[in-house]
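Please keep the sequence and the structure open while reading.

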Amino acid sequence: MAGEFKYIPPKPALWFTLAWTGGLGAIVGFLTAQGVASNMIPYLLIGAVIFAALAMLSVFAIKRKFASRMVCAVILLALGLYA
């Protein structure tokens, strides 16, 4: 009887997912500027766009969770090594 009523929460809207991942990217981009005032706003925007694009890629193009994690990790590793 306990397993009869299993609650499955609804999937969040796409704007919600993109907003939170973009916000995280904005924080990472802001911190990447390392205190250089002229770089803070551009890095903030670039970080938000990159993370939101990765979220959209994960939602629409890559359906498997493990593959999505690996693709995002490789892209962010490459960007980090480039920086």
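Which residue with a positive phi follows α1? The residue after α1 is Gln34, with a phi near 55 degrees. The structure is a predicted model.

## The residue after α1

Gln34 sits in the loop between α1 and α2. Its phi is positive, about 55 degrees, although Gln34 is not a glycine. Is Gln34 buried or exposed? Gln34 counts as exposed because its relative accessibility is 70%.

## Helix α1

Helix α1 is made of 19 residues, and the distance from its first C-alpha to its last is 26 Å. That is close to the 27 Å expected at 1.5 Å a residue.

The buried residues in α1 are Leu18, Gly22, Gly25, Ala26 and Gly29. Seen down the axis of α1, these buried residues fall within an arc of 110 degrees, so they line one face of the helix. Trp20, Ile27 and Leu31 are on the other side of α1 and are exposed. The cover over the buried residues of α1 includes α2.

## How α1 and α2 pack

Two packed helices are described by the angle between their axes and the distance between the axes. For α1 (residues 14-32) and α2 (residues 37-61), the axes come within 6 Å and cross at roughly 140 degrees. The crossing of these two helices is right-handed.

Which residues of α1 meet α2? On the α1 side they are Leu14, Leu18, Thr21, Gly22, Leu24, Gly25, Ala26, Val28, Gly29, Phe30 and Thr32. On the α2 side, the partners are Met40, Tyr43, Leu44, Gly47, Ala48, Phe51, Ala52, Ala55, Met56, Val59 and Phe60. By class, this contact has 16 nonpolar residues, six polar residues and no charged ones.

## Helix α2

What span should the 25 residues of α2 have? At 1.5 Å a residue, α2 should span 36 Å, and its end C-alpha atoms are 36 Å apart, which agrees. In α2, the buried residues are Gly47, Phe51, Ala52, Leu54, Ala55 and Ser58. Both α1 and α3 are included in what covers the buried residues of α2.

Ile41 lies in α2 and counts as exposed because its relative accessibility is 53%. Ile41 and Ala26 are 15 residues apart in sequence, and their C-alpha atoms are 9.1 Å apart in space. Ala26 is among the buried residues of α1.

Ile46 is also found in helix α2. At 47% relative accessibility, Ile46 counts as partly exposed. Along the chain, Ile46 and Gly29 are 17 residues apart, while 6.7 Å separates their C-alpha atoms. Gly29 is one of the buried residues of α1.

## Ser68 in helix α3

Ser68 is placed in helix α3 (residues 65-82). How does Ser68 count, buried or exposed? Ser68 counts as buried because its relative accessibility is 11%, and buried means under 20%.

Leaving aside neighbours within four places in sequence, the contacts of Ser68 are Ser58 and Ile62. Ser58 is among the buried residues of α2, and α3 is part of what covers the buried residues of that helix.

Definitions and conventions
Residues are numbered from 1 along each chain as its sequence is written. This is a predicted model: local features need pLDDT of at least 70, side-chain atom pairs count only at pLDDT 80 or more; totals for chains, interfaces and linings use all residues. Side-chain values use heavy atoms; hydrogens and water are left out. Axes are lines fitted to C-alpha atoms, for helices over the stretch in contact, and angles run from 0 to 180 degrees between N-to-C directions. Helices (H or I, at least four residues) and strands (E, at least two) are DSSP runs, numbered from the N terminus. A crossing is left-handed if the near helix is turned anticlockwise from the far one by less than a right angle, and right-handed if clockwise. Contact means heavy atoms within 4.5 Å. Ala, Val, Leu, Ile, Met, Phe, Trp, Tyr, Cys and Pro count as nonpolar, Asp, Glu, Lys and Arg as charged, and the others, Gly among them, as polar. The expected span of a helix is 1.5 Å times one less than its number of residues. Buried means under 20% relative accessible area, exposed over 50%, partly exposed in between (1.4 Å probe, protein chains only). The arc is that of the directions from the helix axis to the C-beta atoms.
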